[in-house]
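Subject: Handing over a structure

Hello,

I'm passing a structure over to you, and my notes on what was found in it follow below.

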Amino acid sequence: MLSRLFAPKVKVSAHCDLPCGVYDPAQARIEAESVKAVQEKMAANDDPHFQARATVIKEQRAELAKHHVSVLWSDYFKPPHFEKYPQLHVLVNDTLKALSAAKASTDPKTGEKALELIAEIDKIFWETKKA
């Protein structure tokens, strides 16, 4: 009797962990923009205390961007996406590597490279949302 009482009444399914709307590459882009902005500020300020604080913030933001890209790759993108966009695995890997490089660097060019790759993921993501 209890099993019938607590049994699901409606069966639902989704191609991702939750119905769409919770995933968005914008989260990774915003964090990567912060990385690049911090890199630019670091180039303009040689105060060691500022540099230390900026380094911590830059590294945290780079890790958050990597997390958001990884979540898209592992939770949102599914086999049909990888079939349609065979470059997606390499693109995600390159993006994660670029974010690691930006995390370790004060050169805004590394932040810009990460942003360019995230923009490619963003383009594919929105194409999959239209399908």
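What percentage of the 131 residues in the chain is buried? Buried residues make up 34% of them, where buried means under 20% relative accessible area, exposed over 50% and partly exposed in between (1.4 Å probe, protein chains only).

A word on how to read the values. This is a predicted model, in which local features need pLDDT of at least 70 and side-chain atom pairs count only at pLDDT 80 or more, while totals for chains, interfaces and linings use all residues. Residues are numbered from 1 along each chain as its sequence is written, and side-chain values use heavy atoms, with hydrogens and water left out.

**The chain as a whole**

The chain has 6 helices and 0 strands; these are DSSP runs numbered from the N terminus (helices H or I, at least four residues; strands E, at least two). Its accessible surface comes to about 8300 Å², and 59% of that belongs to carbon and sulfur atoms (Shrake-Rupley method, 1.4 Å probe; for residues, only the protein chains shown count as cover). Of the contacts with a separation of 6 or more, 73% are between residues 24 or more positions apart, contact meaning heavy atoms within 4.5 Å.

**Helix 2 and helix 3**

Helix 2 (residues 26–43) packs against helix 3 (residues 48–76) at an angle of about 160°, with the axes 8 Å apart. That makes the two helices roughly antiparallel. Axes here are lines fitted to C-alpha atoms, for helices over the stretch in contact, and angles run from 0 to 180 degrees between N-to-C directions. Angles under 35 degrees count as roughly parallel, over 145 as roughly antiparallel, 65 to 115 as roughly perpendicular and the rest as oblique. The crossing of helix 2 and helix 3 is left-handed, meaning that the near helix is turned anticlockwise from the far one by less than a right angle (clockwise would be right-handed). Among the residues in contact are Val35 and Val38 of helix 2 and Phe50 and Leu64 of helix 3. By class, this contact has 12 nonpolar, 6 polar and 4 charged residues; Ala, Val, Leu, Ile, Met, Phe, Trp, Tyr, Cys and Pro count as nonpolar, Asp, Glu, Lys and Arg as charged, and the others, Gly among them, as polar.

Residues making the contact include Leu91 and Leu99 of helix 5 and Leu117 and Ile121 of helix 6, and the contact divides into 12 nonpolar, 3 polar and 3 charged residues.

Serine 105 lies in the loop between these two helices. Serine 105 is buried, at 16% relative accessible area. Leaving aside neighbours within four places in sequence, serine 105 touches Gln39, Lys58 and Thr110.

Further on, helix 6 (residues 108–130) holds glutamate 116, which is partly exposed at 41% relative accessibility. The C-alpha atoms of glutamate 116 and arginine 29 are 9.4 Å apart, though 87 residues separate the two along the chain.

**Helix 3 and helix 6**

Helix 3 and helix 6 have axes that come within 12 Å and cross at roughly 30°. That makes them roughly parallel. In this contact, Val69, Leu72 and Tyr76 of helix 3 meet Ile118, Ile121, Phe125, Thr128 and Lys129 of helix 6.
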